Amino acid sequence: MSNSGKSDFFYPKEDVIAQANVNEYEKMYEYSVNDREGFWEEQAETLGWYKKWDNVLDDSDAPHYKWFDGGEINIVHNAIDRHIAGPNRNKMAIIWEGENGQVRNYSYNGLNREVCQFANVLKSMGVNKGDIVTIYMPQIPELVFAMLACAKIGAIHSVVYGGFSTEALASRIDDANSRILITADGGWRRGKQIDLKSIADDAMQRTPSIEVCICVKNNQLEVEMEPARDFWLHDLKSLPIASSQCETEHTGAEDPLFILYTSGTTGKPKGMLHTHGGYAVYTSTTHRMAFDIKPQDRWWCAADPGWITGHSYIVYGPLINGATIMLYEGAPNYPYPNRWWQIVEKYGINILYTSPTAIRGLMRFGDRWPKKHDLSSLRLLGSVGEPINPEAWRWYHHVIGQDKCPIIDTWWQTETGGFMICPLPITPLKPGSAAKPFFGNEIGLIDEDGNDTPLNEEGKLIIKNPWPGMARTIFKDKERYADLYWFKQDNDQWYYLAGDSAKIDEDGYIWVIGRMDEVLKVSGYRLGTSEVESALVSHPKVSEAAAVGLPHELKGNAIHTFVILKEGIVPNQALEIELKAHVGGEMGKIAVPELVEFVTVLPKTRSGKIMRRVLKARALGQDEGDLSTLEE
């Protein structure tokens, strides 16, 4: 991963700079870290509040920080109510397309009607402010309606990704002690119907807390409906209880908005708790500034609302900013590899935000598929989920962005709520680098002893300050939150430990290497799996790659790699030798893989992350664990 020299810079076009909402980074960044509370107060004042806050930041119980405490707000007041009271009332809020070609559109006024009806249905089922509602649905508009309906009445939503298994769903229901489950009969993926209701039924048998299950009719599946527990949403909406008017609850800035469970490599899933006030301020600000949102923009975050990316940048951030959102239920290459490019052209998408895995997967099919379509409506591209390989970055920029679209490469986490490191459209870019800290954030790197690491040397990524979008705690486990994520330095300052390793170059650009548990130690040298994968993907015949470390008697770890070749390339032993030599040339002999295995598919979640633990287990002949989230 090259990260030196001015020649690596891709400079923004003059018209991009001229039209940018934020046209100066350094001066504003200095202000934002020197007067952090002043900066965030300015951003908070762009939103609608029922009552202004007493303090911008309360650090009296650090690291359990409070933002805008004493203020009263509701995120739905900002995402919907403000818009229907003004010029955005009839503006398109959501464009939805299903894999089978079905299309549904909702204006902000139409969205309000759907959310109010859903909110009244929930209230009729006894849902009160502070209750936790579990949502387990495919990527359909009703998932967004359900989330917003919960927030509107002050309930807390816990969205469980629609690809999770019975066990995963049941454990999350148990931890939240939910009384209400919202699900659907099924979803679509690659032309097949996925039976979600049966999974939900199995989960409800394992957990005693669910009293009501509301089911959305999305497919034509035959499903079991248990009397007195299971209700079809369309039946409930036809009753007088489902009025299209519902008052938005006043919630405190620190009142819980949602719980989202994030699972690590060890331990039970952690329910990260986010709140109405700070999260609304942070998601809307990061979305507006990093992606230079204009009133006419059609925004497509090609993630799933079941992940934090979907919470922050499909639902809340874009709706607060009055954008038009594209929502698509289906695979990016079904029935053909041009499905996404067809959608961009059909709907005039201006901004596309997706994962490096999706980019590499589509890159595999070559340039001819995107070149069949007019992609000129695109003005910005984005990347999320993991470090993007420089080769994939260049293809994305050149073929999809036609050399005119800046790539906003974002680093953040479920725990952070929004972007922590990312460029602005005006920022000179280096392929593979997330660039600079977002406003208000001070980023550092430390070694094992807690000392700052020198330039271009790997260290543990830390955040030196609180920020409004941060998770407030782990649900029901305040001590674990402090112990797992925060530590005190000698200066008595609390720092957030991200769990990722990174480097900072001589230009101040940050290069995230990956999770610290995805760093391989080979013969005493530390190598990031993403660096090895980037080296392989830079070969003209390689589309995708994954690297894992397997135990080795002499080296400690030996690098095993799995490679998907570009369309039409035939694997053979000579190519394996060539690829090993290529990695050696890019990274040095220490990084040469022990094995290059040619595969046609990599185990990935539907959110696009490569499941390296599955590859490692397969290679070692071990139990692969829960595979329910895999795409294939």
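1. Trp96 sits opposite Leu327 of strand S17. The strands involved are S4 (residues 92–98) and S17 (residues 324–329), which run parallel and are joined by five bridges. Two strands pair if DSSP finds at least two bridges between them.

2. A word on provenance: this is a predicted model, where local features need pLDDT of at least 70 and side-chain atom pairs count only at pLDDT 80 or more, while totals for chains, interfaces and linings use all residues. Residues are numbered from 1 along each chain as its sequence is written, and side-chain values use heavy atoms, with hydrogens and water left out.

3. Back to that pair of strands. S4 and S17 belong to an open sheet of seven strands with mixed pairing, in the order S5-S4-S17-S16-S18-S19-S20. The edges are strand S5 (103–107) and strand S20 (407–409); each has a single partner strand, so one side of each has no neighbour in the sheet. From one strand to the next, the twist averages 20 degrees.

4. There's also an open sheet of eight strands, ordered S12-S11-S8-S6-S7-S14-S15-S23, again with mixed pairing. Its edge strands, S12 (230–232) and S23 (473–474), each pair on one side only. S23 runs antiparallel to strand S15 (residues 270–275), and two bridges join them. Thr473 in S23 is the bridge partner of Leu273.

5. Have a look at S7 in that sheet. Four bridges join S6 to S7, and the two run parallel; Ile135 has Val159 of S7 as its bridge partner. S7 is covered on both faces, with Ile156 and Ser158 buried on one side and His157 and Val159 buried on the other. Buried means under 20% relative accessible area, exposed over 50%, and partly exposed in between (1.4 Å probe, protein chains only).

6. Now the helices over this sheet. H6 lies across strands S6 (132–136), S7 (156–159), S8 (180–184), S11 (212–216) and S14 (256–262), at about 175 degrees to S6. Helix H8 (residues 196–206) lies across S6, S8, S11 and S12, at about 155 degrees to S8. Contact here means heavy atoms within 4.5 Å. Axes are lines fitted to C-alpha atoms, for helices over the stretch in contact, and angles run from 0 to 180 degrees between N-to-C directions.

7. Helix H4 (residues 75–84) and helix H6 (residues 141–152) have axes that come within 8 Å and cross at roughly 120 degrees. The contact uses Ile75, Val76, Ile80 and Asp81 of H4, plus Leu148, Ala151 and Lys152 of H6. By class, the residues of this contact are five nonpolar, no polar and two charged. Ala, Val, Leu, Ile, Met, Phe, Trp, Tyr, Cys and Pro count as nonpolar, Asp, Glu, Lys and Arg as charged, and the others, Gly among them, as polar.

8. For H8 and helix H7 (residues 166–176), the axes come within 8 Å and cross at roughly 50 degrees. H7 and H8 are therefore oblique to each other. In this contact, Thr166, Glu167, Leu169, Ala170 and Asp174 of H7 meet Ile199, Ala200, Asp202, Ala203 and Arg206 of H8.

Definitions and conventions:
Angles under 35 degrees count as roughly parallel, over 145 as roughly antiparallel, 65 to 115 as roughly perpendicular and the rest as oblique.
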